[in-house]
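Me: I am new to this structure and would like to know what stands behind the words used for it. Please take my questions one at a time and set each value against its definition.

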Amino acid sequence: MAIKIEKLNKAVEMLNYKLKMPMEMYTENKINAGHFYMDQSYGGYRLQRTYLDGCVNDISDRGSKQEVYDFIKGMLLGIELSKKD
């Protein structure tokens, strides 16, 4: 079953939440540095992150929705595993 874009966006939202990054890309026309978001272009998807100067960084390779979702889920698992009891 193909993954839906809503599920992919929800995973990105959870990544921003878990890492305490801004939940919105912009606040009052100013970019929020550190915000993760989904780029969709050239027939694929990619996780990207914003910087204060307006630049972005590619976090994942471009791939299918499923491939990028699995990448984000791996990041979320790593965050959970890094927490100390």
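Me: Why is Asn16 called buried?

Reply: Asn16 has a relative accessible area of 2%, and buried means under 20%, with exposed over 50% and partly exposed in between, using a 1.4 Å probe and protein chains only, so Asn16 counts as buried. This is a predicted model, in which local features need pLDDT of at least 70 and side-chain atom pairs count only at pLDDT 80 or more, while totals for chains, interfaces and linings use all residues. Residues are numbered from 1 along each chain as its sequence is written, and side-chain values use heavy atoms, with hydrogens and water left out.

Me: Where is Asn16 found, and which residues does Asn16 touch?

Reply: Asn16 is found in helix H1, where helices are DSSP runs of H or I with at least four residues, strands are DSSP runs of E with at least two, and both are numbered from the N terminus. Not counting residues up to four places away in sequence, Asn16 touches Met21, Pro22, Met23, Gly34, His35 and Phe36, contact meaning heavy atoms within 4.5 Å.

Me: What makes His35 count as buried or exposed?

Reply: The relative accessible area of His35 is 7%, and therefore His35 is buried. His35 has its place in the loop between strand E2 (30-31) and E3, and, leaving aside neighbours within four places in sequence, the residues in contact with His35 include Asn16, Gln48, Arg49 and Thr50.

Me: Which backbone oxygen does the side chain of His35 reach, and how do you know that this is a polar contact?

Reply: The side chain of His35 reaches the backbone oxygen of Pro22 at 2.8 Å. A polar contact is a pair of N or O atoms within 3.5 Å, where within protein one must be able to donate a hydrogen and the other to accept it, and where residues adjacent in sequence count only if both atoms are side-chain atoms; the 2.8 Å between His35 and Pro22 falls within that limit.

Me: How do you know that E3 and E4 pair?

Reply: Two strands pair if DSSP finds at least two bridges between them, and six bridges join strand E3 (residues 36-41) to E4, the two running antiparallel. In this pairing Met38 stands opposite Leu47 in E4, and E3 and E4 form a hairpin with two residues between them.

Me: Which strand is joined to E4 by three bridges?

Reply: That is strand E5 (residues 56-58), which runs antiparallel to E4, and here Thr50 stands opposite Val56 in E5. The hairpin of E4 and E5 has five residues between the strands, and in it Gly54 takes a positive phi near 95°.

Me: Why is strand E4 described as mostly covered?

Reply: Six of the seven residues of strand E4 (residues 44-50) are buried, and on that count the strand is mostly covered.

Me: What makes Tyr42 count as exposed, and what is its phi?

Reply: Tyr42 has a relative accessible area of 79%, so Tyr42 is exposed. The phi of Tyr42 is near 55°, a positive value in a residue other than glycine, and Tyr42 has its place in the loop between E3 and E4.

Me: How do you know that Arg62 and Asp39 form a salt bridge?

Reply: The closest N and O atoms of Arg62 and Asp39 are 3.1 Å apart, and a salt bridge is a side-chain nitrogen of Lys or Arg within 4 Å of a carboxyl oxygen of Asp or Glu, so the pair meets the definition. Arg62 lies in the loop between E5 and H2 and Asp39 in strand E3, so the pair ties together parts that are 23 residues apart in sequence. At 28% relative accessibility Arg62 counts as partly exposed, whereas Asp39, at 17%, counts as buried.

Me: How far apart are the closest N and O atoms of Glu13 and Lys10, and where do these residues lie?

Reply: The closest N and O atoms of Glu13 and Lys10 are 3.4 Å apart, and the two form a salt bridge. Both lie in helix H1, three residues apart, about one turn of the helix.
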